[in-house]
Amino acid sequence: MENEEENRERKVTTRFKPNEFKVIDTRFKKTRFLKMSEYIRSVLLEKPITVNYRDKSMDDLLEELALLRRELNAIGNNLNQAVRQINSAHGNADSRLWLNLLSIIGSKVDPAIMQIKERMQNFSELWSQKLKPDEASSVQ
């Protein structure tokens, strides 16, 4: 058993062809190691190596959620600007202006909200299938 407090005194230098190093670097980047030397030591000493696995569908989901967040922020910003303009231009805005604003908001916001709900429902169905492997495999 190696003494953990013992310093590493021996050094080995190895040269690789560019394509060989590319393979090693690609494999290293998929692991949880922070340093290439730790990774290489673990491979050479046949220690267990934990590989990170990235789920492409999760990347797609996160990208879609970021787009939805931007969309919602844009809707909120537009609403705030419209309310500010009404208040600054007319002081105490009468009910007609507010009704007009609400109808405009309804015509612009409702379709966006419906689209967001549809997307969220689609992702919900996708993830419920992933969480229930027995049902997902029987559907195919």
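I began with confidence by element in this predicted model, and found that helix H5 (residues 133–139) has the lowest mean pLDDT, 44, whereas helix H1 (residues 18–29) has the highest, 93. Over residues 133–140 the pLDDT is below 50, and I noted that this stretch makes one contact in the model beyond near neighbours in sequence. For the protein as a whole I recorded a mean pLDDT of 76, with 77% of the residues reaching 70 or more.

Next I looked up Thr31, which sits in the loop between H1 and H2. A polar atom of the Thr31 side chain lies 2.6 Å from the backbone oxygen of Phe28. Leaving aside residues up to four places away in sequence, I listed Tyr39, Ile49, Thr50, Val51 and Asn52 as the residues that Thr31 touches.

I then turned to the surface, where Ile40, Leu44 and Leu45 form a nonpolar patch with about 290 Å² of accessible area together. Leu44, one of these three, belongs to helix H2 (residues 36–44), and I marked Leu44 as exposed because its relative accessibility is 66%, the cut-off being over 50%.

My last entry concerns Glu46, in the loop between H2 and helix H3 (56–90). I noted a positive phi of about 55° for Glu46, although this residue is not a glycine. Most residues other than glycine have a negative phi. Glu46 also counts as exposed, since its relative accessibility is 73%.

Definitions and conventions:
Residues numbered from 1 in each chain as written. Predicted model: local features only at pLDDT ≥ 70, side-chain atom pairs only at ≥ 80, totals over all residues. Heavy atoms only, no water. Patch = residues over 30% accessible without salt bridge, like charges linked within 9 Å, V, L, I, M, F, W, Y side chains within 5 Å. Areas by Shrake-Rupley, 256 points an atom, 1.4 Å probe, with all protein chains shown as cover. Salt bridge = Lys/Arg side-chain N within 4 Å of Asp/Glu carboxyl O. Helix = DSSP H or I, 4+ residues; strand = E, 2+ residues; numbered from the N terminus. Buried < 20%, exposed > 50% of the residue type's maximum accessible area, 1.4 Å probe, protein only. pLDDT = per-residue confidence, 0-100. Contact = heavy atoms within 4.5 Å. Polar contact = N/O pair within 3.5 Å; in protein donor to acceptor, adjacent residues only side chain to side chain.
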